[in-house]
Amino acid sequence: MRTLAETCEAIAATTKKLRKTALVADYLKSCMIDEAAISAVFLSGKAFPAWEETTLQVGGALLSRVVADLSAKDEAALTAAYRKHGDLGAVAGELLPEKSGQGLGVLEVGKVFREIAATRGPAAKSALVRDLLARATPLEAKYIVKIMTGDLRIGLKESLVEEAIAQAYSGGRAGSLKDVQRANMLLGDIGETLRLAVGGKLTEAKMRLFHPFGFMLASPIESPEEGLSYFSDAAVEDKYDGIRAQAHVAGGEVKFFSRTRDEITESFPELPDALRGLREDAILDGEIAAWEQPGRARPFSVLQQRLGRKKVSDRMLREVPVAYLVFDVLYAGGELMIDRPLRERARILDELLAGENLYHGVHGGTRGKAGSQGKLTFETEPELSAARIVRAPVFRAASPEELEELFAAAQARGNEGLMIKDLESSYSPGKRGKAWLKMKRELATLDVVVTAVEYGHGKRVGVLSDYTFAVWDTDTNKDRLVNIGKAYSGLTDVEIAEMTKWFLDHTIEDQGFRRTVEPKIVLEVAFNNMMLSDRHDSGYALRFPRIVRLRPDKTAEEADTIERVREIYERQDH
Ligand code: AMP
């Protein structure tokens, strides 16, 4: 672990990507394979491989208590160190005492992480974390804590670890990086990918059913013209306001995974049955939405009642029925589909969902009927009342006017807007590109991370209802969050109560009226205007910011960047 920690220090000290990759490659080559495999996971800022559902369940509050305890420092010293570094790992590195006999192996750290994950209750977890950090040198502890909080903050992304693996084991052979990326995407395990690279077996990586992989993401557009500017043949779908879900179906078993790759099957017990009738093993991509008869999605706030439940009551099933609106197929009948163009995947999906036990299309086929001048009719059929699995209808638009009409029609159906997709594009897991575009109601919303919270006023006096939020500063290659605004309206009382509890449990520093909190909660915020301002460290401020909704489906890493802020700023009328 010492060499790994020293390598991390060296990586943090340079902003040059090539240098970072070379440092990782050299380090990996110096290790035994088992050690290199676990290190690759740690260097990606994770305690466990991405596909695994194992989590440490150790919050910042527990970690800072252990650090305070081991360092025998008082609250003031801890707060001062935290102010200086803004990172609990660095605080541990500075405050923990050096003792003889300290030092841990990477394999040992991996083993203890598994023990911590398997242990229930904060007291037992605390004891394991305490023992682990006591046995580590201060520098090792710094990086152990960083891995535990899920963020190394050394300007190293998993994509750079992939590059390092290609460099270390394939000697820079042409195409080796692509092979590494593909294997990692299929396996969702950078350590396993490394093992294959060592054995020269990268191309043997196989899709593993029930191991979710990354979702293809969309880029926002600001006008209908922009929506048709990147490619010539566009498929247009409604943008449903629900949660993204990847369905794995094989041998009569069905599982749903969220965007954060967590299994969410239990929250939607009615959906697996509907998919069991599929005639081939498959992986599907779609959106789960609250569903109203006949054939209309309900707002996200309705679906929210169904999220995060382990047990769903019959009443809930009746009152908030859901549907799985399927728009893509990633694997079917033993074959990976992601390299095929959307045009082909759409056809295969039509055929797959044409099975007898499934509802196959909202309006007699998947093409919306375009009337004269691209006017669309969206018919509903009585049989839809039983639908749980629905092939998301696909429309076509050849002009900005047609796109506007589709947009208005989608909104009239209660949907958020449109998705515009390049029919020639392959499926790129985990990538946000211009092959999928999204056109939303609020032309400018930002997904932001909450960094600090305050108690409210009036009827919100006892709850944490004022949120300071931030975007990623990608400019300096430092992966840090910079604040951009503060908002206190938009959430329901129930949501605020839940958030208050979460923030109290995940406070990093209690300053009395204000608390800095673990940067994990993502909000979607709308605003009227954006200004240059030195009020916040991003250099921008928002006019009339309001919270559109919580985004529990997004991880902090998926929040917006300063680059997007700048884009919006430059595009608006000043
Ligand atoms: P956003 O969450 O605003 O970044 O928008 C992208 C999300 O829209 C995706 O991750 C999906 O959850 C959702 N979505 C809704 N309808 C569709 C659709 N037809 N195709 C792709 N994504 C969709």
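The questions and answers below concern the cavities and pockets of this predicted model.

Q: How many cavities of 30 Å³ or more are found in the whole structure?
A: The search covers the whole structure and counts cavities of 30 Å³ or more. The largest cavity holds about 330 Å³ of space. The number of cavities found is 3.

Q: Between which domains does the largest cavity lie?
A: Among the 25 residues lining this cavity, K239, R244, R259, E287 and M419 are the closest to its centre. Both domain 2 (217–440) and domain 3 (445–571) contribute to the lining, so the largest cavity lies between domain 2 and domain 3.

Q: Which element supplies the largest share of the lining of the largest cavity?
A: At least two lining residues come from each of β1 (217–220), β2 (234–239), β13 (417–422) and β14 (432–440). The largest share is 4 residues, and it comes from β14.

Q: How many residues in the lining of the largest cavity are charged?
A: The lining includes 7 nonpolar residues and 1 polar residue. The charged residues number 17.

Q: Which element gives the largest share of the lining of the second largest pocket?
A: This pocket contains about 880 Å³ of space. Its lining comprises 38 residues, with H85, G86, D87, R153 and R480 nearest the centre. Elements giving two or more residues include α1 (2–12), α5 (75–85) and α9 (138–149), as well as β15 (445–455) and β17 (480–487). The largest share, 4 residues, is that of α5.

Q: Which domains each give at least three residues to the lining of the second largest pocket?
A: The lining residues of this pocket divide into 12 nonpolar, 11 polar and 15 charged. At least three residues are drawn from each of domain 1 (2–149) and domain 3 (445–571).

Note on methods
Residues are numbered from 1 along each chain as its sequence is written. This is a predicted model: local features need pLDDT of at least 70, side-chain atom pairs count only at pLDDT 80 or more; totals for chains, interfaces and linings use all residues. Side-chain values use heavy atoms; hydrogens and water are left out. On a 1 Å grid over the protein atoms alone, a cavity is a set of points where a 1.4 Å probe fits but cannot get out, and a pocket is an open set with protein on both sides within 12 Å along at least five of seven lines; lining residues have an atom within 4 Å of a point. Grid points are joined across faces, edges and corners, and a volume is the space filled by probe spheres set on the points. Ala, Val, Leu, Ile, Met, Phe, Trp, Tyr, Cys and Pro count as nonpolar, Asp, Glu, Lys and Arg as charged, and the others, Gly among them, as polar. Domain bounds come from an automatic or database domain assignment.
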